[in-house]
Amino acid sequence: NVLFEVNESSLKLTATDLESEISTTSTISNFKSGGKITAPARKLSDLCRLMPDLVEIHFFLDGDNLKIETESGKYNLSTLPSEDFPVFEIEDTQSQINISSQNLKNLITKTSFAMGNQDWRHYLNGLFLKLEEGVLTAVATDAHRLALNCLDSVSDINFSGIIPRKSVNEINRFIGENDSELSLAINDTSLVLNSDNLTFKSKLIDGAFPDYNQVIPTGDSSLLEVNVKDFVSSLGRVSILSNDKNKGVKIHLIDNNMVIRSNNADNEVAEETVESKYTGEEIEIAFNVNYIQEILNNQINETCNVMFFGSDKSCLILPPGVEFPKYVVMPLLL
């Protein structure tokens, strides 16, 4: 159910699944009396969604029934007492920053696809957010790949926490496409995100996020510069004949030449040569094609750089000329 709260100037709606909560406030045009009640969320949402745009809706509470009237219709919904609606308890939050909604969206979308999904290591099933020394960092990993993005912040406060996967997806929906100023507050157990008339609250995952700096490869490397669109297209075609189980493709690099190959249990083979710039030792390395494609789909530049540190070591993918966002992908053993 959704919680209805009416006073002389506004209607406030609140919904929760006990792990997260969202509330929104709207002005009202006609007020007779205030109060609280809960009504079925799905039925109410579907009913309002199917009404004509800008239609005026009247709500009346009659005993245990919520009556809804429009110019041409009458509807009667069952209710439950507001006293039974769960209170989303949240500790006093001291660490609060203001951030552009599109900056936060960019931080999340460039990293969240690498989150774990129902991993037994629960701390991987979310997005790690850290503010330290004026830099806001987002990190996600499922132990096979890692995505990291950073944003300079004007705040000098420090905080960190792991936002659950479901809440990350809700925040992305919450932000939308409009650029607005948000306030973000995090403490040890929860976060609160506020915009003009929306408030989103979420519990954080209890656990320690792994030291992601340890898995970012360093040292001598070979460099591949390749057109993102060409790379994605070739991977898509070659992967059709890859093994369905591991979706592995092999990449062979030598003297400004990149060859992508795949094969499967039916002895079907695919091979393409992709025009690219490669400097370094000859290398043959295999990856899960889905991991590479998801990273490439989040590149906004025409080209990207891929740094290789050996055929049995993770590679590092970066936009040209900048340090973030950066992506790490572990190789496959085929």
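How many cavities of 30 Å³ or more does the structure hold? I found two. Before going on, I noted that this is a predicted model, where local features need pLDDT of at least 70, side-chain atom pairs count only at pLDDT 80 or more, and totals for chains, interfaces and linings use all residues. Residues are numbered from 1 along each chain as its sequence is written, and side-chain values use heavy atoms, with hydrogens and water left out.

**Cavities and pocket**

I wrote the terms down once. On a 1 Å grid over the protein atoms alone, a cavity is a set of points where a 1.4 Å probe fits but cannot get out; a pocket is an open set with protein on both sides within 12 Å along at least five of seven lines; lining residues have an atom within 4 Å of a point. Grid points are joined across faces, edges and corners, and a volume is the space filled by probe spheres set on the points.

The largest cavity holds about 50 Å³ of space. Its lining is made of Leu104, Ile108, Leu129, Ile163, Ile171, Leu184, Leu191 and Leu193. Helices (H or I, at least four residues) and strands (E, at least two) are DSSP runs, numbered from the N terminus.

Next I turned to the largest pocket, with a volume of about 1,200 Å³. It has 37 lining residues, and Phe4, Val6, Leu11, Leu13 and Phe59 are the closest to its centre. Helix α1 gives the most to this lining, with six residues.

**Cores**

A nonpolar core here is a set of buried Ala, Val, Leu, Ile, Met, Phe, Trp, Tyr and Cys residues joined through side-chain atoms within 4.5 Å. Buried means under 20% relative accessible area, exposed over 50%, partly exposed in between (1.4 Å probe, protein chains only).

The largest core has 57 residues, and Leu191, Leu193, Phe231, Met258, Ile260, Phe308 and Ile317 touch the most other members. Helix α5 (residues 289-296) gives the most to this core, with five residues. Another core, of 13 residues, lies apart from it and includes Phe128, Leu148, Ile205 and Leu318.

**Aromatic pairs**

Rings of Phe, Tyr and Trp (its six-membered ring) pair if their centres lie within 6.5 Å; planes under 30 degrees apart count as stacked, over 60 as edge-to-face and the rest as tilted. I searched the whole structure and got five pairs.

Why is the pair of Phe113 and Tyr327 tilted? The ring centres of Phe113 and Tyr327 are 5.8 Å apart and the planes stand at 35 degrees, so this pair is tilted. Phe113 sits in the loop between α2 (101-109) and β9, while Tyr327 is in strand β23 (residues 326-329), 214 residues apart. Both are buried.

For Phe128 and Phe209, the centres are 4.8 Å apart and the planes at 5 degrees, so the pair is stacked. Phe128 belongs to strand β9 and Phe209 to the loop between β15 (198-203) and β16 (222-227), 81 residues apart. Ring pairs also join Phe128, Phe209 and Tyr212 into a cluster.

**Strand β9 and its partner**

I followed β9 (residues 126-132) to β12, which runs antiparallel to it and is joined to it by six bridges; strands pair if DSSP finds at least two bridges between them. Leu131 has Phe159 of β12 as its bridge partner. Five of the six residues in β12 (residues 159-164) are buried.
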